[in-house]
Amino acid sequence: KERNGHEPEFLQAVEEVAETVIPYIVKHDIYYGKNILLRMVEPERVISFRVCWVDDKGEIQVNRGYRIQMNSAIGPYKGGLRFHPTVNMSILKFLAFEQVFKNSLTTLPMGGGKGGSDFDPKGKSDNEIMRFCHAFMSELFRHIGPNTDIPAGDIGVGSREIGFLFGMYKKLRNEFTGVITGKGMTWGGSLIRPEATGYGNVYFAQKMLETKNDSFKGKDVIVSGSGNVAQYAAEKVIQLGGKVLTLSDSSGYIYDANGIDIDKLAFVMELKNVKRGRISEYIEAYPTAKFIKGKTPWEIKCDIALPCATQNELNEEDANTLLNNGCICVSEGANMPSTKEAITAFHKAKILFAPGKASNAGGVATSGLEMTQNSLRYKWTREEVDNKLKDIMSDIHKSCLEFGKDEDGYVDYVKGANIAGFVKVAEAMLAQGIV
Ligand code: NDP
């Protein structure tokens with residue numbers, strides 16, 4: 001706390017893990033007295049660099065770029081890049097720390113990292129995005145590689161940005177390797193990767209519902225966000241017979257009481273991914289829906305809630321509103337969308353609650369599958385990747401059950417995910433000695 005007190009999001013993520021993992025360490029001699037958690041919270045390496053680029057008016061812009069190489073005990077650093085004006089050291093350290101546990105849970109050999117920039121892609125032309133990505137990679141390329149550190153996308157970094165970043169890496173290194181994941185289908189990308197985080201979240205929620213002999217069929221579902229994760233979470237819910245009532249962005253949320261069906265979702269995908277518009281434009285196409293400005297969707301009555309936008313978007317008051325409205329399941333698509341107090345409220349009410357490091361791990365798991373295909377110079381079919389994704393989400397769910405069951409039978413998925421993720425990384429660190 002003394003060392004990281006000025007980094008609130010990082011502290012929040014560490015505290016959540018410490019509360020569940022320390023009691024476990026105390027009970028197990030192999031971890032006790034080795035300062036293992038203290039070693040895990042200190043990044044192996046932090047890189048901060050200047051990114052200069054020229055905008056369309058010819059003016060020189062300066063941004064700050066980062067890469068946090070958090071832990072490489074079980075594999076090369078792996079984690080996304082975020083381009084958003086709120087990006088700072090605290091946000092990236094929290095994301096990198098979470099990534100270590102998440103990657104461990106996937107069962108694949110991947111360490112944890114995260115990076116990005118305070119660059120704001122909103123309102124920028126394609127040429128500006130390209131110049132920024134090229135400038136960013138002209139420094140980052142020194143620190144990454146297919147066996148060292150493999151970045152991917154995150155907020156503000158989608159397929160367009162990944163293309164520009166990969167192009168510059170390839171030019172500077174003069175080699176074609178799987179150094180970045182989320183690549184296009186014609187140049188090394190994996191089928192199902194765009195869908196993986198959203199689909200994986202719904203597969204995980206489905207596993208949780210099965211423990212209560214329940215399913216998505218006929219359920220009212222609210223989704224926040226309207227980016228990559230939200231879009232594919234919504235798609236899978238619709239395929240499984242659920243009714244998606246909301247989507248949002250940073251300006252507010254839309255509520256469609258008739259349900260957002262596949263055709264309406266296709267409109268949202270075109271709006272967000274091609275036209276780069278705002279979610280409020282939905283009501284121009286579907287006037288019976290409502291746009292609620294400046295708010296999050298948690299006030300809408302639902303059975304299942306899928307927070308898929310950003311960190312700390314669901315607080316204690318929102319949690320109580322959801323519970324009072326009869327919500328039975330919350331599965332996080334975003335990273336740390338629920339505050340600590342909100343999670344406490346869900347646990348107290350003993351509803352099904354999945355933390356992002358378990359339920360959104362499908363994205364990075366499929367990135368791991370993309371790395372495997374790149375190394376093999378091979379391509380699996382859509383069904384093959386989707387089946388592997390389903391298996392991985394099911395395995396993560398099993399790990400959570402193994403470590404998260406309380407004495408009264410309630411499954412604390414936060415505890416389960418933290419301990420299961422911790423055990424594998426801790427064992428590797430102990431085996432490798434004090435380095
Ligand atoms: P996108 O950039 O595609 O979409 C982000 C969405 O969240 C947009 O609708 C955006 O609205 C909204 N949003 C962003 N910041 C805020 C904010 N401060 N307040 C309200 N809404 C906001 O990102 P992704 O869908 O890829 O990522 C969403 C979440 O999922 C993040 O937490 C990310 O870390 C996590 N995640 C993503 C993975 C992936 O594979 N993509 C993997 C695992 C986790 P607006 O357009 O107005 O900014």
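**View 1. The two domains of the protein chain.** In this predicted model, the protein chain is divided into domain 1, which spans 42–184, and domain 2, which spans 194–359. The centres of domain 1 and domain 2, taken over C-alpha atoms, are separated by 27 Å.

**View 2. Contacts between domain 1 and domain 2.** Where the domains meet, eight residues of domain 1 are in contact with six residues of domain 2. The side of domain 1 that touches domain 2 is made up, by class, of five nonpolar, one polar and two charged residues.

**View 3. The shell around the ligand.** The ligand is surrounded by 24 residues, of which Gly-227, Asp-249, Ser-250, Ala-334 and Gly-363 are the closest. Because domain 1 (42–184) and domain 2 (194–359) both give residues to this shell, the ligand lies between them. Helix α7, covering residues 228–239, provides the largest share of the shell, namely three residues. Sorted by class, the shell around the ligand contains 15 polar, six nonpolar and three charged residues.

View 4. When residues up to four places away in sequence are not counted, Lys-114 touches Ile-68, Gly-79, Gly-80, Leu-92, Leu-95, Ala-96 and Gln-99.

Note on methods: Residues are numbered from 1 along each chain as its sequence is written. This is a predicted model: local features need pLDDT of at least 70, side-chain atom pairs count only at pLDDT 80 or more; totals for chains, interfaces and linings use all residues. Two residues are in contact if their C-beta atoms, placed from the backbone, lie within 7 Å. A residue is near a molecule or strand if its C-beta atom, placed from the backbone, lies within 6 Å of it. Helices (H or I, at least four residues) and strands (E, at least two) are DSSP runs, numbered from the N terminus. Ala, Val, Leu, Ile, Met, Phe, Trp, Tyr, Cys and Pro count as nonpolar, Asp, Glu, Lys and Arg as charged, and the others, Gly among them, as polar. Domain bounds come from an automatic or database domain assignment.
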